[in-house]
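Please look over the sequence and the fold below before reading on. The briefing then takes the structure topic by topic.

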Amino acid sequence: MKRRDFLRMTVLTMCSTPVFSASTWADEVTENVTNDVPLDKDLVAIFSDTHILNRPKAQEVVRVKTAIQKILAMNPRPATLLIYGDVAYDAGGVDTYRFVRELLEPIKKAGIHWEATMGNHDRLNDFQQIFPERFTKKSPIPNRYINVVETPKADFILLDSYLKGQVRGEIEPEQRAWLVETLKKYEKKPVFVGCHHPLCETNLEVELRACPGFAAYIHGHCHWWMKSESDNIPQICFPSVGCWGDMGFVMLNLTETEATFIPNLNAYQLPGWYKKSEHLPEDYNDKDIHTTNVEKYLEQLNDAIVTIKLP
């Protein structure tokens with residue numbers, strides 16, 4: 001059995017496994033996390049659009065807890081967790097990020113390094129108040145949260161596409177110039193570039209094509225599990241962990257030659273207003289899959305493993 005198939009089976013068998021009591025969830029999970037489970041530096045867990053709000057029983061919070069429990073139940077565990085924006089539900093909030101910190105405490109206890117991008121629902125100042133340790137190094141662009149996450153097989157550049165007062169995102173000239181200089185370092189090592197918003201909003205095609213080590217553009221925002229390609233640029237859109245749309249998370253398995261994205265989706269919900277949204281994918285098929293054939297739809301999504309050949 002191939003490693004990616006083993007990983008997929010391992011993750012999917014945990015779909016309905018309750019691990020700890022919900023009443024004192026964070027304390028119990030953190031207390032029960034042991035460090036005797038190895039971390040695999042070639043495994044990356046990917047969340048997006050967690051939309052956490054300070055209500056422990058909210059659907060979004062419950063689904064984030066479930067996703068965290070699945071990761072902690074893995075053996076080996078991923079060494080890295082990336083969160084592609086809209087960490088918060090509405091408009092940031094110090095209390096919300098304080099609750100986020102509590103939810104992620106078991107991840108920290110397990111030794112898993114996590115990083116996040118800023119989405120249109122996030123607020124950097126609030127985030128910084130609760131996670132000051134993440135700002136000990138000066139950002140390359142003032143008032144932007146930009147990070148490079150390194151793994152042995154590939155690196156991840158996490159950009160900040162937040163645009164004040166807007167749902168859409170953009171990459172301003174200063175951040176674009178920083179990206180150009182940073183990508184010059186990737187002649188041989190593969191690199192994934194991404195942020196919360198899709199490529200059609202950040203318009204980074206020219207910069208990405210110029211990089212020999214560029215592997216794919218990855219993002220959230222649309223709440224779909226979907227791979228697309230335009231002008232020879234592969235793009236991967238991640239599902240929401242638990243707000244609406246395709247719900248779940250993705251595991252990434254890296255080898256010397258491939259990056260395999262393995263979905264772990266366990267729910268689907270489409271708000272009525274979204275049918276008329278400009279964000280619907282081109283191949284969307286209006287068959288009311290949110291009320292019929294959901295199990296079949298989720299089965300198809302979980303079979304939609306994406307493999308990217310690394311440069």
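Predicted model: local features only at pLDDT ≥ 70, side-chain atom pairs only at ≥ 80, totals over all residues.

The protein has 9 helices and 12 strands. Of its 311 residues, 57% count as buried. Among contacts with a separation of 6 or more, 70% link residues 24 or more positions apart.

**The open sheet**

- An open sheet is built from 6 strands, in the order E3-E2-E1-E10-E11-E12. The pairing is mixed.
- Strand E3 (113-116) and strand E12 (306-309) are the edge strands. Each has a single partner strand, so one side of each is left without a neighbour in the sheet.
- From one strand to the next, the twist averages 20°.
- Strands E1 (residues 39-47) and E10 (residues 245-254) run antiparallel and are joined by 4 bridges.
- Ile-46 has Val-250 of E10 as its bridge partner.

**Nonpolar cores**

- The largest nonpolar core holds 41 residues. Phe-47, Leu-81, Ile-107 and Trp-114 touch the most other members.
- Helices that give two or more residues to this core are H2 (25-32), H3 (59-72), H4 (94-109) and H5 (124-130). The strands that do so are E1, E2 (77-83), E3 and E10.
- Which residues does Ile-107 contact, leaving aside its neighbours within four places in sequence? They are Ile-68, Ile-71, Leu-72, Leu-81, Ile-112 and Trp-114.
- Another core, of 32 residues, lies apart from the largest one. Its members include Tyr-84, Cys-237, Phe-261 and Leu-270.

**Helix packing**

- H3 and H4 pack at an angle of about 20°, and their axes are 9 Å apart. The two helices are therefore roughly parallel to each other.
- The crossing of H3 past H4 is right-handed.
- On the H3 side, the contact is made by Val-61, Val-64, Lys-65, Ile-68, Ile-71 and Leu-72. On the H4 side, Phe-99, Leu-103, Leu-104, Pro-106 and Ile-107 take part.
- H4 also has H2 as a neighbour: the axes of H2 and H4 come within 9 Å and cross at roughly 0°. H2 and H4 are therefore roughly parallel to each other.
- Here Trp-25, Ala-26, Val-29, Thr-30 and Glu-31 of H2 meet Glu-102, Leu-103, Glu-105, Pro-106 and Lys-109 of H4.

**A loop residue: Val-87**

- Val-87 sits in the loop between E2 and H4.
- Is Val-87 buried or exposed? Val-87 is buried, because its relative accessible area is 3% and the cut-off for buried is under 20%.
- Not counting residues up to four places away in sequence, Val-87 touches Thr-50, His-51, Ile-52, Tyr-97, Val-100, Ala-116, Thr-117 and Asp-122.
- Asn-120 is 33 residues from Val-87 in sequence. In space the two are 9.4 Å apart, C-alpha to C-alpha.

- Strand E8 (residues 226-230) pairs with strand E9 (residues 233-237) in the antiparallel sense, over 5 bridges.
- Met-226 has Cys-237 of E9 as its bridge partner. Cys-237 is also among the residues of the 32-residue core.

How values were computed. Residues numbered from 1 in each chain as written. Heavy atoms only, no water. Pairing = 2+ DSSP bridges. Axes fitted to C-alpha atoms, helices over the stretch in contact; angles between N-to-C directions. Core = buried A, V, L, I, M, F, W, Y, C linked by side-chain atoms within 4.5 Å. Buried < 20%, exposed > 50% of the residue type's maximum accessible area, 1.4 Å probe, protein only. Contact = heavy atoms within 4.5 Å. Parallel < 35°, antiparallel > 145°, perpendicular 65-115°, else oblique. Left-handed = near helix turned anticlockwise from the far one by under 90°.
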